[in-house]
Amino acid sequence: ITSPVAFDILPLKLHPFSQSTPTGLDCVGWKRRVSVPVIADGALDKTALTDDVGSEEDLYEEFRSSNHRYGHPGGGGEQLAINELISDGSVVYAEALWDHVTMDDQELGFKAGDVIEVMDATNKEWWWGRILDSEGWFPASFVRLRVNQDEPMEDYPLKVEGGKEDFGMGQTTKDQMRTNVINEIISTERDYIKHLKDICEGYIKQCRKRADMFTEEQLKTIFGNIEDIYRCQKKFVKALEKKFNKDHPHLSEVGSCFLEYQTEFQIYSEYCNNHPNACMELSRLTKVNKYVYFFEACRLLQKMIDISLDGFLLTPVQKICKYPLQLAELLKYTNPQHRDFKDVEAALNAMKNVARLINERKRRLENIDKIAQWQSSIEDWEGEDVLVRSSELIYSGELTKISHPQAKSQQRMFFLFDHQLVCCKKDLLRRDILYYKSRINMDDMEILDVEDGKDKDFNISVKNAFKLHCRDTEEVHLFCAKKPEQKQRWLKAFENERRQVQLDQETGFSITEVQKKQAMLNASKQHHAGKPKAVTRPYYDFLMRQKHPTLPTTLPQQQVFMLAEPKRKPSNFWQNISRLTPFRK
């Protein structure tokens, strides 16, 4: 089974309210009123809790047993809207995001881009649909509802000769489609802002009042930088509203807003990287009943829909995935002559770049654990940790180092990280064991290509050689590779190292001291344990809850959003290193 085009932010199963709805509704906007005892600042009335309720547990039970329950079925407000449309006789279409290949005759197979008529969406995991004469179950997370439900099935997307076909009120069909997309962008942004406000005021504000239950460090782990995201999104929505033409939405010029805020959107990187930690911390806390009752009381006080906190916290991750989808849809219905066309085109590329940056930062963050494990396997390590200055292994391999002035040659293993080149020696008997020998600061070095023949500085004949020259001290290091192609790979690697350093400076990429210390601590524990321990990953442990006896019994393929294209080629750096580590003692 293949997952085509896609948008790569995190391997996760989308929550039901991540998909677009025909009316632009987001599940975060669906609410029911709940009557609760509050005081002026929105906190729980302590007197009411003590006298009438007694505890968060009693409060929770009172709400659960009251008439103020959320009336939508398990899938949330979006499923309710879909099923209401279907029951009213409306035809609901969804567009496949990934291939669904199946051998089960009760499942509906399709390819990415196929349009499916949704006939039953009562179950949040599996929907019943039809393509031409075929009907069957299909995973809801493999599709998104089409923005333009009035667009006909045949001739998809609709092609209007010259774009002149009338669509009422003097609008062409393409203009009406653009109106639908613009309305969806504005509507979902408003709902998203309300959602972020609910989290900040409904959860974080209440948690900070309970210093007996939460430390600031815990709150930072659970909620990440969502308050920064909230402030950023409020400014972004104001900018969108200014560009929104209420009388003629299709004339709105919103592309420039995305271009203006593309740098600010990079704050999602920190949130996405922290999200797995948030899920694990929540999983740990919710094993204690008082936290379950407290979080539920917070939700009910803020009159939020019936979704657990980890579901709410997934929304920013989904949102940054959704922008390129919306912009691609908008570009599709924007005429090249439209004043917004170039900005929308540029905005689509910009948001893909934002997602690419987020992906890259996530990969780099995962790499620091590998670097820490590598360092812990090196014998006789001296000086500061690699992670103090570096976060990326650029290249590694064997070279002959020639020392000046004796012209003594030594076979060594070299590991090129950003900012530094680490030199190690192989054990004479156990060739998979490495000993630390030295390191070179790459920030002070310039790379010199050396022609084959006699070198003037070292007064020896060399082949496949290059030098590292220190600009400040005039110190020179001479290296020889075994083959010409190996030399070229090293020269290219040095170029990549300088490019990586420059890119990190431009984008402001850095790893926090806490992250560095945690990586080294984890590596130390694994090293002393003798072998790496199995790691449980509750973040990806999404289990399907089936409610229909005839539903498919297998989990659908887990999709991966891939905004960063072209796809990164698999690296064998760490495979090579694993052969040089003492884990097999």
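The dialogue below takes up several features in turn.

Student: What kind of model is this, and how are its residues numbered?

Tutor: This is a predicted model, in which local features need pLDDT of at least 70 and side-chain atom pairs count only at pLDDT 80 or more, while totals for chains, interfaces and linings use all residues. Residues are numbered from 1 along each chain as its sequence is written, and side-chain values use heavy atoms, with hydrogens and water left out.

Student: How many helices and strands does the protein have?

Tutor: Helices (H or I, at least four residues) and strands (E, at least two) are DSSP runs, numbered from the N terminus. Here the secondary structure comes to 15 helices and 14 strands.

Student: What share of the residues is buried?

Tutor: A residue is called buried under 20% relative accessible area, exposed over 50%, and partly exposed in between (1.4 Å probe, protein chains only). Of the 585 residues in the protein, 51% are buried. Glu 366, whose place is in helix α12 (residues 341-377), is partly exposed, because its relative accessible area is 39%.

Student: Where does the pairing continue from β2?

Tutor: Strand β2 (residues 115-120) pairs with strand β3 (residues 126-131) in the antiparallel sense over three bridges, and a hairpin of five residues joins β2 to β3. Within this pair, Asp 120 stands opposite Trp 128. Strand β3 in turn pairs with strand β4 (residues 134-139), antiparallel, over six bridges, and Arg 130 has Glu 135 in β4 as its bridge partner. The hairpin of β3 and β4 has two residues between the strands, and there Leu 132 takes a positive phi near 55 degrees.

Student: What is a nonpolar core, and which residues have the most contacts inside the largest one?

Tutor: In soluble globular proteins, nonpolar side chains tend to be buried together. A nonpolar core is a set of buried Ala, Val, Leu, Ile, Met, Phe, Trp, Tyr and Cys residues joined through side-chain atoms within 4.5 Å. The largest core here has 62 residues, and Phe 223, Phe 258 and Phe 265 have the most contacts inside it. Helix α4 (residues 173-208) gives the most to this core, with 13 residues. Apart from this core lies another of 22 residues, among them Leu 387, Phe 417, Ala 519 and Ala 523.

Student: Which face of helix α5 is buried, and which residues lie on the side turned away?

Tutor: An α-helix has 3.6 residues a turn, so residues three or four places apart point the same way. In helix α5 (residues 216-223), the buried residues are Gln 218, Leu 219, Ile 222 and Phe 223. Seen down the axis of α5, they fall within an arc of 105 degrees (taken from the directions from the helix axis to the C-beta atoms), so they line one face of the helix. The face turned away carries the exposed residues Glu 216 and Glu 217. After α5 comes Gly 224, whose phi is positive, near 55 degrees.

Student: How many disulfides does the structure hold?

Tutor: A disulfide is a pair of cysteine sulfur atoms within 2.5 Å, and the structure holds zero of them. Cys 298 has its nearest cysteine sulfur, that of Cys 207, 5.3 Å away. Cys 298 counts as buried, because its relative accessibility is 3%.

Student: How are aromatic pairs read, and how many are there?

Tutor: Rings of Phe, Tyr and Trp (its six-membered ring) pair if their centres lie within 6.5 Å; planes under 30 degrees apart count as stacked, over 60 as edge-to-face and the rest as tilted. The structure holds 25 such pairs. The rings of Tyr 395 and Trp 490 have centres 4.9 Å apart and planes at 90 degrees, so this pair is edge-to-face. Tyr 395 lies in strand β6 (residues 393-403) and Trp 490 in helix α13 (residues 484-507), 95 residues apart. Both residues are buried.

Definitions and conventions
Two strands pair if DSSP finds at least two bridges between them.
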